[in-house]
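Me: I'm new to reading protein models. Could you walk me through how two chains meet?

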Amino acid sequence: MKNNIKYLAVLALGLFACEPEFDNPIDESGTYTSGSADFSTFVAVGNSLTAGFMDGTVFRSGQQNSFPNIMAQQFEFAGGGTFTQPSYDDDVNDAGGFLLGGVPLPGFDTRLVIDASEGGPENLNVTPTMEVSNLQATAYNNMGVPGAKSFHLGAPGYGNIANLAIGAANPYYVRHATEPNATVIGDAVSLNPTFFTLWIGNNDILSYATSGGVGVDQTGNPNVLSYGFNDITDPGVFAFTYQGLVDALTANGAKGIVATLPDVTSIPYFTTVPYNPIPMDAATAAFVNNGYASYNGGLQFAAGNGLITAEEAAQRTISFSAGQNAVVIVDEDLTDLTGFGIPSYRQATIDDLLVLPSSGIIGEEVNNDPTQINGVSVPLANNWVLTATEIQTVRDARTAYNNAIVSIATANDLAVIDMAAVLEELVSGLRTADGQIYTNNYFDGSSDALSTAVFSLDGVHPNARGYAIIADQFIQIINEKYGANVPRVTAGYYPGVTVVPSN
Amino acid sequence: MKKLLLVLTIAFSASVMYAGGYRVGVQGHKQLAMGHTGVAVVTSAESAFFNPAGLVYLDGELNVSLGAAVVMSNTVYQNREFGYSSEADNPIGTPFYAYGSYKINDWLSAGLAVYTPYGSRVEWPTDWEGSHLVNEIELSAIFVQPTLAIKLSDKFSIGGGPIYVTGAVNFNRNLSRSLADEAGNRSNVTIDASGINAWGYSVGAMFRPTEDITLGFNYRSKIDMDVERGDGTADFENLPGALAGSFPDGDFTSSLPLPAELTFGAAFKPSEKWLVAFDYTRTFWDAYKSLDVQFFNAAGLSRNPRNYKNSSIYKIGAQYEATQKVIVRAGFYYDESPIRDGFFAPETPRPDSVNFTAGFSYNLNSKWAIDASVLYVHSNEVNNSYDSFVEAGQRLSFGGDYKSNALVAGIGVSYKL
């Protein structure tokens, strides 16, 4: 028996030796480094894209996959500290959306989901539980405020609940502004960041674009108080504002990364609905053409009298034929002939972009009248289409903003991530390290799209998987600029669209 | 007693592993202790496995060997680029064997062998980064082999018998890299089947040119473990409500080959108390082309290419009769991995390994002996990947550093009449 005991002792030694050890385990200190950066207090400043907004709102589980929160988890490998985000504990149904005084706040609906029984996106059919007036009065590491334009970040009162009624406050910021007259940038700087991300300016052009160019291009007008919600911010105002934000964030020597603005016309909100979505047979085409005969005749009259050029007459002439047909739209940039009883109609071309919500009305009857069809006999109003002219207006503003961003970042020796290039890559197919290819396609209902869609159902914002791609892109640039070694992110592990059986 | 301890210490310092893929080489403590050699060794009923032809040369009319072992294996994984690290905390495996041989007359012996040459238990943390490939797997197979051995002359014998296999599989993995139910629980499937039956055979030959030299040959056939409809269950869990109706639980079909193995070797006695053996084993792993599982719902056919290659095991072992009562053994073998680069799937994370074995027999009396052995399996760290997981039409790579080792320890008894 004695030798058996010895045997067991040797066995125990063997067991001890049984844990395999890597030659260079990654949990060894020094594997991951922050280089010349310091991630101990990381603050993210921006808009909805920073907040983790997706499917039309910020909801509890979605916020966990905001790109700065994903980055912060990777920063933990390289000296990163705690990263706090505004509390969504009160989002009981994980649905997003706001109540104000117990009543649902218009424009702040629950998140979009795919209703499998209907086949399309719908707001999740539950009542929001988050009350805007439950003030948290806390500065968080994630200072992304959905809806914020560049100049909002420094605007006192943007978080004052009393200003909600007059549209001068933002309910997202109201919930956590440290005091009624606090500013977003002031709250961010109060955390003494050692490292920051700044991605702002998207909304300075986006709302103009998503509204189909309904707003005004305010280039040359520095008075932001005169701006409407859908207007384009003056590039001079943008540059001045941006300089102030960067000055504030770098005041204590913090390093950081700023992001340029992608071409909003590449997002699914504009690329999903084709300009020619109307199938037609020859008989129907003839019938519809007959309806536009007097309009077309009027154009010839106008051209014959030199009111418009022959080219414009041709551009405006409406003609349907068998096959796929372009929708008829109202275009306010056409020569105004309404004085002659000739409306500003034309058919869309491949250079026009129809907004995502137009898919819900194109081809629908108006007032249950089978001869009144949206996009055919009833032209689509200005708000459903971003025309080629309006697209150029957006691009010009974006180019000016991006020039300001890059030059201010360069002057402050900050890293710059070219989000415009990232989105362009998505348009042609962005290949991640694991071999998957992601595109800017809207969720098409296929099982493949369950695994690969990176835009959320609002057509504007990424979903969790898309934010993971963004976090990975940010990390790559940070590693390069600051000589850091922060581990990368695999987007494929992050969730995509939510599909419910019924709603 | 002192001498015994000394011998034991030496035996253990000459350390020994198990084999590639899902092969578990623990088919007898006497032979395992000698580097799992044995095709040319005649010491006990363990020959029923190693070479049935040897049974006819055993001393005594009745030989019985029984034993079991515990397999403690660990695999660690890390991916430096993404900061992933995981450890497979594998449940203890318990291979066993039971061999009996009866000498009917001078030229004919009959035997029965029951053993467990294939098995695998790998348990990764649930929902780990490779969970779309495997969360956990348990494979087991029991071989039952009635055996006859015929002495053609004092120098030459043959033996063999049919093999009846009964096997079981339990395998869980997530359905994709991201799919989850409404509460965020990852969608997964468990396939479970037991009582899967199949037949094969083992044949061997032994040549003893002199008193001190033995040559042996053994071939064990490939056995396909086919799961037919109704044999097992496929249990789909945590599907989101909108998809649950397309993924009802049901049955599945699949096939897993237990590859053929060819071994030849030699043993010789340099002196009265010493025995040295060399074996070479070729395992025909190329039979393992793909682990395909056919489901009968929206999951359809799951194709998981393996493309294993044939591999070799080089073994050496020795035994020494230290005292009248104690025989000590030690051995070593080198086991090539059958896994090609780019096919390194975490459900059988077996790189090339070096294996150290040791053990002893203690003769209680002229009839009974206790046999014990240990095996230490060491693999170098490898950096490899599995590149054949398909998501949305794209082949994806999952890889990183893997390192594994295993310790096998077991005890058994031998009886000789």
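Predicted model: local features only at pLDDT ≥ 70, side-chain atom pairs only at ≥ 80, totals over all residues.

Me: What area is buried between chain B and chain A?

Reply: The general idea first: the size of an interface is often given as the accessible area lost when the parts come together. Here about 3800 Å² is buried between the two chains, and carbon and sulfur atoms give 60% of that. On the chain B side, Arg80(B), Phe82(B) and Arg177(B) lose the most area to chain A, together 17% of what that side buries.

Me: How many salt bridges cross the interface of chain B and chain A?

Reply: The rule finds three. In a salt bridge of Arg177(B) with Asp434(A), the side chains meet at 2.8 Å, N to O. For polar contacts, the count between the chains is 14 residue pairs.

Me: Now the helix. How far does H8 of chain A reach?

Reply: Helix H8(A), residues 235-250, reaches 22 Å from its first C-alpha to its last, close to the 22 Å expected at 1.5 Å a residue.

Me: Which residues of H8(A) are buried?

Reply: Among them are Val237(A), Phe238(A), Tyr242(A) and Leu245(A). What covers the buried residues of H8(A) includes helix H7 (202-210) and helix H13 (388-411) of chain A.

Methods:
Residues numbered from 1 in each chain as written. Chains lettered and ligands numbered in written order. Heavy atoms only, no water. Buried area = accessible area lost by both parts, 1.4 Å probe. Salt bridge = Lys/Arg side-chain N within 4 Å of Asp/Glu carboxyl O. Polar contact = N/O pair within 3.5 Å; in protein donor to acceptor, adjacent residues only side chain to side chain. Helix = DSSP H or I, 4+ residues; strand = E, 2+ residues; numbered from the N terminus. Expected span 1.5 Å × (residues − 1). Buried < 20%, exposed > 50% of the residue type's maximum accessible area, 1.4 Å probe, protein only. Contact = heavy atoms within 4.5 Å.
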